[in-house]
Amino acid sequence: MPDKEMLVKVRDLKIEGRAGEIWTQIVNGVNIDLHRGEVLGLIGESGAGKSTIGLAAMGFTRDGCRISGGTVEFDGIDLVNASAPQKRSLLGRRIAYVAQSAAASFNPAHKLIDQHTEAPTWHGVYGRTEAEEDAVSLYARLRLPNPDEIGFRYPHQVSGGQLQRAMTAMAMSCRPDLIVFDEPTTALDVTTQIEVLAAIRDIVDRFDTAALYITHDLAVVAQMADRIKVLLKGDEVEEADTRTMLAAPREDYTKSLWAVRSFVRNQKPPAPGNEVPVVSVKNVVAAYGKVPVLHGIDFDIHAGRTVAVVGESGSGKSTLARCITGLLPPLSGSVEFDGVALPADYRKRNRNQLREVQMIYQMADTALNPRKTIREIIGRPVEFYLGLRGEAKRMRVEELLEQIELEPAMFIDRLPSELSGGQKQRIGIARALAAEPKFIICDEVTSALDQLVAEGILKLLANLQDELNLSYMFITHDLATVRAIADEVVVMKAGKVAEAGPKNVMFTPPHHPYTGLLLSSVPEMDPDWLTTLLNERGIDNIGDAASEKVG
Amino acid sequence: MSPVPRIILQRLALGVLTLLAVSILIFAAVNALPGDFAQAILGQSATPEAVEAIRNDLGLNEPALIRYLDWLFGILSGDFGTSYSQIKFVEFSGESAAQGGIANVYDQLVPKFKNTTYLAFVTACIAVPLALSLGILAALYRNSAYDRAVNIATLSSISSPEFFLAYILVLYLSVLGGFFDPVSNINAEMTGWERLTATMLPALTLTLVVTAHMMRMTRAAIINLLASPYIEMARLKGISPMRVIVHHALPNALAPIINVIALNLAYLITGVVVIEVVFVYPGIGLTFVDAVKNRDIPVVQACCLIFAAAYVLLNLTADILSIITNPRLRYPK
């Protein structure tokens, strides 16, 4: 759009980050041109510097970061050398920010509308009453339920998808020229995401706001951006308008990003009918206190097979895992292992029963003790379950490290903080394998990882399954992961099994309405996907509303 | 129903239970003290008969359980017993004891307790706003020269012995400055203003003692939140750094701050013996020390119970305030 006025001009932006006392460069000379009313997608994996660049375009750096070179101009104003009061007069009024986690970015101590009206009243754009009226009209525009009333709630009383829209409304409160969206839908379920995407796109169009849209999800950026810029480790890889970029990426790195979703494992033949399943979940009913969560769950997992359990947050996936591991004894129903019922409470299970069921967690960061070395982390279950000590234990730990494709000599004495995200998750896998289990529960093990890294983890899990004849229960909300690794799929909704069956059947129409909704809500790489879907289904038949209808 | 009333009732019940447990502890501890009142007041030359007579008269020969229950039910009906040291032992036979000019412990302690509470109140009125403002400013200008200066000043004041601080203040504000009288002997005839100025020196000394703790907690609790996404969001709205701290960080930092304030207020009631001695302030601390010296068991027990009640009550208040300041508990989903 060369006919439009230039709004943001970033030239050769360099940013340094501090680790201890040492400053290292994390952004190595990036240029951005953004015109009024235009949306630029910034895409890359974690560590690419996307958020840092997005914030720097607002003239803001987080603690421990500094702009070490280059220029940032907003509407002709030099933001690098602007005084703090000068920048504050722009922030909130002409430049606004929408953060990744709305739940964490709304102040828990104040009502939504008070936070919404803060910027306009502070900057003198509106009076308090006008600002409140405007908030209500923005809430309505963003299709929030009960727009008159929702602002008078506290953040914890509003769902994640609604909060994200309320935050977009808040960013719009002064009708800024620029909004920086920092992964605004990453924390949301697919069905909720689509609603938020539609709302953001509508309002950005309507007020002709320019936006920097930061994400790691290509399919999402394809819906939102006019142009896309690909970043890698603080360097610019390439930039082109969205359609060109999708159709004909120039650089190898971009091509590799585009190709990530290609890993698919063939579905294994179903287990013979008379085979005793490794794990059999029988009519499990569970509740937290008086809040019922699971209403009679039934399914089997056979030797060497992967059952993917999918569903939105709150559908009871993780609760089911807690029932199987015995952390949350079910109210009724049972979990059988090799045809024998396991005691409901893990404290009543014997060591061998505990050993057979292991778990890998979503956040490897918090699941590994930060003060223990890898040797101790993996050595502990080796000693506890198998009674190995001394030399035998050391050899077993090294063998496990080789199985997860990490060089023992290099890694065995490191602390978790000295590993990358993917390596930490591999340690999580090794710790589960150390018990020599038959069955492993993988709880969202790849959702905190970049796509390339996640694919490595999925391949590793697949190889280990073939080698050791493991059974997996794979909890995820990501249907691409399901397609990659599952043999069977269990779709959960509101504590019930909505549909279950072999992967190939589940991914082929006709679908159960809820499965159909989930599948059709996953963004595709086609830039017209969202528009087409909205035209076909109408704005009222997407997201939570649609989810309730099929429920 | 909002869970707040239920939580508050639970805490209240727990508070009563705690006090009951504490009363047992106090009774046991005081009874385990060596020596006894009868022996102490009669001196070395006392005849065993005389000692026995007094013991009988005071009910010291009853079994411990009976004495405890007597004491407990007495308190429940507002009777804290009779101060031993006020009993006039005209004859050692004990017949005339417990008659005439006997000071009831309750009547004896009430004015002292009022004085101590008054001192604590005056101190709190100075120290709490001072500590909060210093803490907020220290968080705002963290790692600046101001921050360091405040930290050093408050830390040195908390690290110095109380009597030392007291004498320094006496030197500058009383001897050299002549603003206040170095002796804070307040009494019922004083006007409000006289009372306030007489209390000023001990109050200022105590302010120096308690400010550091509260100020540092305010600073730490606020700084702890500054990395939160909602603080970043507030900054990105372009509002002033002061408003970010006061409006966005402080409401979420209140719980730990309130708790530290409560602990310090409790200290102002229970831990001010030294200051009361230095300034001859007629508070409960002085009474307590005298009672221990005289083995005046009913007074010692009553003082201990008052101290315990002050701790329990203030911590309870802190708990309840922390709950009320948390919107998650005030407005459940």
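Which residues lie nearest the centre of the second largest pocket? Select A:Asp189, A:Thr192, A:Glu312, A:Ser313 and A:Asp544, which lie nearest its centre among 48 lining residues. A pocket is an open set of points on a 1 Å grid over the protein atoms alone, where a 1.4 Å probe fits, with protein on both sides within 12 Å along at least five of seven lines; lining residues have an atom within 4 Å of a point.

This is a predicted model, where local features need pLDDT of at least 70 and side-chain atom pairs count only at pLDDT 80 or more, while totals for chains, interfaces and linings use all residues. Residues are numbered from 1 along each chain as its sequence is written, chains are lettered from A and ligands numbered from 1 in the order in which they are written, and side-chain values use heavy atoms, without hydrogens and water.

Next, select helix 8 (190–206) of chain A. Helix 8 gives the largest share of the pocket lining, six residues. Helices here are DSSP runs (H or I, at least four residues), numbered from the N terminus.

Move to A:Leu533, in helix 23 (residues 529–537) of chain A. A:Leu533 counts as buried because its relative accessibility is 7%; buried means under 20% relative accessible area (1.4 Å probe, protein chains only).

Finally, select helix 4 (residues 112–122) of chain A, where eight of eleven residues are buried. Among them are A:Leu112, A:Ile113 and A:Pro120. After helix 4 comes A:Gly124, with a positive phi near 70 degrees.

Key:
Helix = DSSP H or I, 4+ residues; strand = E, 2+ residues; numbered from the N terminus. Buried < 20%, exposed > 50% of the residue type's maximum accessible area, 1.4 Å probe, protein only.
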